Amino acid sequence: MASIIPLAEIDPQLVEALLDSAFGTDRHDRTAYKLRDGMDMLEGLSLAAVDQEKHELLGSIQCWPIALTDEEGRKHPMIMVGPVAVYPDFQREGIGRMMMAALLKEIHADDPLPLVMIGDPEYYGRFFDFTAEGTGGWTLPGPWEPSRLLVRSNAKNALPETGKLGPWTR
Ligand SMILES: CC(C)(COP(=O)(O)OP(=O)(O)OC[C@H]1O[C@@H](n2cnc3c(N)ncnc32)[C@H](O)[C@@H]1OP(=O)(O)O)[C@@H](O)C(=O)NCCC(=O)NCCS
C-alpha cells in the first residue's frame with residue numbers, strides 16, 4: 001500500500017534517481033525544465049508516494065510557479081505540474097492517479113490557478129480533465145508537441161488565446 005507524503009521529506013537524490021528511471025538521464029534538456037528554470041518547487045503541492053511498510057519511494061509529483069505572458073505583457077500565474085513519475089516496476093498500479101488526486105485536493109476549489117503540463121493527453125485527459133484545447137496559441141521556451149501541452153482550468157477564468165509560457169518572475 002502506498003501513502004502520500006510531502007516530497008520535501010524525501011532525500012532529493014532519491015527523487016533524482018526516480019526521475020532518471022522514469023524519464024531517462026537526458027531529461028534535463030526537455031522544454032518542461034526550461035519552463036520553470038530558476039523557480040523553486042511549490043512545496044505544498046509537491047508530493048511523494050511511498051510504500052507504507054518498506055518506506056521506499058514509489059512515485060513523485062512536482063509543481064512549479066509559471067506564468068503565461070500575454071500580448072500586452074500581463075502575466076497570468078499558473079501552476080506547472082510535472083514531472084509526474086512512478087518507478088517502472090510499480091506503474092499501472094494506481095499510484096499516478098493517487099498522487100494526482102492528492103494534488104487536486106490541495107488546489108483551491110473555488111478559484112483555482114490553472115494547472116499546466118506537458119504530458120500524455122490520453123492519461124491526463126482521461127482521468128483528470130486536462131485538455132490541449134485553448135493552448136494552441138501559447139509558446140514555450142523550447143520544442144513541444146502541441147497535443148501534449150495541456151491545461152486544466154476553471155471555466156470562470158478565461159485564459160488568453162496567445163501568450164508565452166515561462167517561469168513566474170516579476
Ligand atoms: C504516466 C505515469 C505517471 C502514470 O502513473 P501510473 O501509476 O503508472 O498509472 P495509474 O496506475 O495511475 O493509471 C493506470 C491507467 O492509466 C493508463 N496509463 C498509464 N500511463 C499512461 C500513459 N502514459 N498514457 C495513457 N494511458 C496511460 C493505464 O493504461 C491504466 O489504464 P487502465 O486502468 O484502463 O488499464 C507513470 O506511468 C510514469 O511515471 N510513466 C513514466 C513517465 C512517462 O512516460 N510519463 C509520460 C507522461 S508525462
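# Working chat: strands, helices and a ligand shell

Student: How many helices and strands does the protein have?

Tutor: The protein has 4 helices and 8 strands. Both are DSSP runs numbered from the N terminus: helices are H or I with at least four residues, and strands are E with at least two. The model is predicted: local features need pLDDT of at least 70, side-chain atom pairs count only at pLDDT 80 or more, and totals for chains, interfaces and linings use all residues. Residues are numbered from 1 along each chain as its sequence is written.

Student: What pattern do they follow along the sequence?

Tutor: Reading along the sequence gives β-α-α-β-β-β-α-β-α-β-β-β.

Student: Why call the protein as compact as a globular one of its length?

Tutor: Its radius of gyration is 16 Å, close to the 15 Å from the globule rule for 170 residues, so the protein is as compact as a globular protein of that length. The radius is taken over C-alpha atoms, and the rule is 2.2 Å times the number of residues to the power 0.38. Along the principal axes, the C-alpha trace spans about 50 × 35 × 30 Å.

Student: What share of the residues is buried?

Tutor: 29% of the 170 residues count as buried. Buried means 20 or more other C-beta atoms within 10 Å of the residue's own, exposed means 12 or fewer, and partly exposed is in between, with C-beta atoms placed from the backbone.

Student: And the contacts, what share comes from residues 24 or more positions apart?

Tutor: Of the contacts with a separation of 6 or more, 71% are between residues 24 or more positions apart. A contact means that two C-beta atoms, placed from the backbone, lie within 7 Å.

Student: Now the strands. Do β1 and β2 pair in the parallel or antiparallel sense?

Tutor: β1 (residues 2-6) and β2 (residues 47-51) pair in the antiparallel sense, over 5 bridges. Strands pair if DSSP finds at least two bridges between them. A2 stands opposite D51 in β2.

Student: How many bridges join β2 and β3?

Tutor: β2 and β3 have 4 bridges, again antiparallel. One of the partners is S60 in β3, which bridges to A48. The hairpin of β2 and β3 has 5 residues between the strands.

Student: Is H55 buried or exposed?

Tutor: H55 is exposed, with 9 other C-beta atoms within 10 Å. H55 sits in the loop between β2 and β3.

Student: What about β3 and β4, how many bridges there?

Tutor: β3 (residues 57-69) and β4 (residues 75-86) pair over 10 bridges in the antiparallel sense. I61 has V84 in β4 as its bridge partner. In their hairpin, G73 takes a positive phi near 85°.

Student: Which peptide bond is cis?

Tutor: The bond from G82 to P83 is cis, with omega near 0°. P83 is in strand β4.

Student: New topic. Which residues come nearest to the ligand?

Tutor: Q91, G96, R97, G119 and E122 come nearest of the 16 residues around the ligand. Being near here means a C-beta atom, placed from the backbone, within 6 Å. The elements giving two or more residues to the shell are α1 (12-23), β4, α3 and α4 (121-128).

Student: How many of the shell residues are charged?

Tutor: The shell has 5 charged, 7 nonpolar and 4 polar residues. Asp, Glu, Lys and Arg count as charged; Ala, Val, Leu, Ile, Met, Phe, Trp, Tyr, Cys and Pro as nonpolar; the others, Gly among them, as polar.

Student: Last one. What does P88 touch?

Tutor: P88 touches S21 and A22, not counting residues up to four places away in sequence. P88 lies in the loop between β4 and α3. P88 is exposed, with 9 other C-beta atoms within 10 Å.
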